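Subject: A structure for you to look at

Hi,

Here is the structure I promised to pass on. Have a look at it first, then read my notes below.

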Amino acid sequence: NSTSNGNNGILQFIDVNGNNAFQVLGTTVESYLYSYDSRPITFYTNATEKMRITSAGNVGIGTSSPSALLQVDKSASAGLGGQIALKNSATSALNNSVEISFLTDAGASGTGTRNARIRAVNENVGNGAANMQFWTWNGSTDAERMRITNTGNALIGTTTDNGTDKLQVSGNITASGTATAATIVKSGGTSSQALMADGSVQ
């Protein structure tokens, strides 16, 4: 049943019992898909359900029973299941990036203060090599805290990769367990020197 009401255009769907079931509504400022009761809104292609919005507002892609606000589901035994792709479709250039932002405060926004974010940044125009950066907001500054380079090196407190060491930390390290290494080299020393438990170098 298609009707109009002032500036609104309405496409009304009635169930077999004669009750209002679903409505497509267009106004001068926005459009609606409107469900009257607790039935979900489902989307089908090729005669198969592909997505649904439950009465609780959860969105399921590949699942009819999403348990979170967004659940992407794909069954793949010993393979890759659900995935989400973020793409920067600009022409390849240094520093092209995409990110996931985390907004945990009412004052945070996707274009302003992010409380934390994970960002992938292009470092090579030719082959698309990229690093992954981890940023946090400390109440006054939004800054990169950790980076994994395109070669797999992890940098903490620095963005300068020496190209050799798998873990590079600018700052102090505290460990409550045991650190095991084949060789520990004192800064400025040689590979034949060992750092002893009492802090001496032999």
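From the N terminus on, the elements of the chain run β-β-β-β-β-β-β-β-β-β-β-β-β-β. In other words, the count is zero helices and 14 strands. Helices (H or I, at least four residues) and strands (E, at least two) are DSSP runs, numbered from the N terminus.

Before you dig in, two bits of housekeeping. This is a predicted model, where local features need pLDDT of at least 70 and side-chain atom pairs count only at pLDDT 80 or more, while totals for chains, interfaces and linings use all residues. Residues are numbered from 1 along each chain as its sequence is written, and side-chain values use heavy atoms, with hydrogens and water left out.

Now the chain as a whole. It has 202 residues, of which 16% count as buried; buried means under 20% relative accessible area, exposed over 50%, and partly exposed in between (1.4 Å probe, protein chains only). Among contacts between residues at least 6 apart in sequence, 8% join residues at least 24 apart, a contact being heavy atoms within 4.5 Å.

On to the strands. Strands of a sheet pair through backbone hydrogen bonds, either parallel or antiparallel. Here, two strands pair if DSSP finds at least two bridges between them. Strand 2 (residues 8–14) and strand 3 (residues 20–26) run antiparallel, joined by six bridges. Along this pair, Ile 10 stands opposite Leu 25 and Ile 14 stands opposite Asn 20. The two strands form a hairpin with five residues between them, and Gly 18 in the turn has a positive phi of about 85°.

Strand 3 also pairs with strand 4 (residues 31–35), again in the antiparallel sense, over five bridges. Gln 23 stands opposite Tyr 34 there, and four residues make the hairpin link from strand 3 to strand 4.

Further along you'll find an open sheet of four strands in the order 5-6-7-8, with mixed pairing. Its edge strands, each pairing on one side only, are strand 5 (41–45) and strand 8 (70–72). Strand 7 (residues 59–61) pairs with strand 8 in the parallel sense over three bridges, and Ile 61 stands opposite Val 72.

Next, which residues line the second largest pocket? They are Ile 84, Ala 85, Leu 86, Val 98, Glu 99, Ile 100, Ile 118, Arg 119, Ala 120 and Met 132. Strand 9 (97–102) and strand 10 (116–122) are the elements that give two or more residues to this lining. The pocket's volume is about 180 Å³. On a 1 Å grid over the protein atoms alone, a pocket is an open set of points where a 1.4 Å probe fits, with protein on both sides within 12 Å along at least five of seven lines; lining residues have an atom within 4 Å of a point. Grid points are joined across faces, edges and corners, and a volume is the space filled by probe spheres set on the points.

You'll find Asn 115 in the loop between strand 9 and strand 10. Not counting residues up to four places away in sequence, Asn 115 touches Phe 102, Leu 103, Thr 104, Asp 105, Ala 108, Thr 136 and Trp 137.

Cheers
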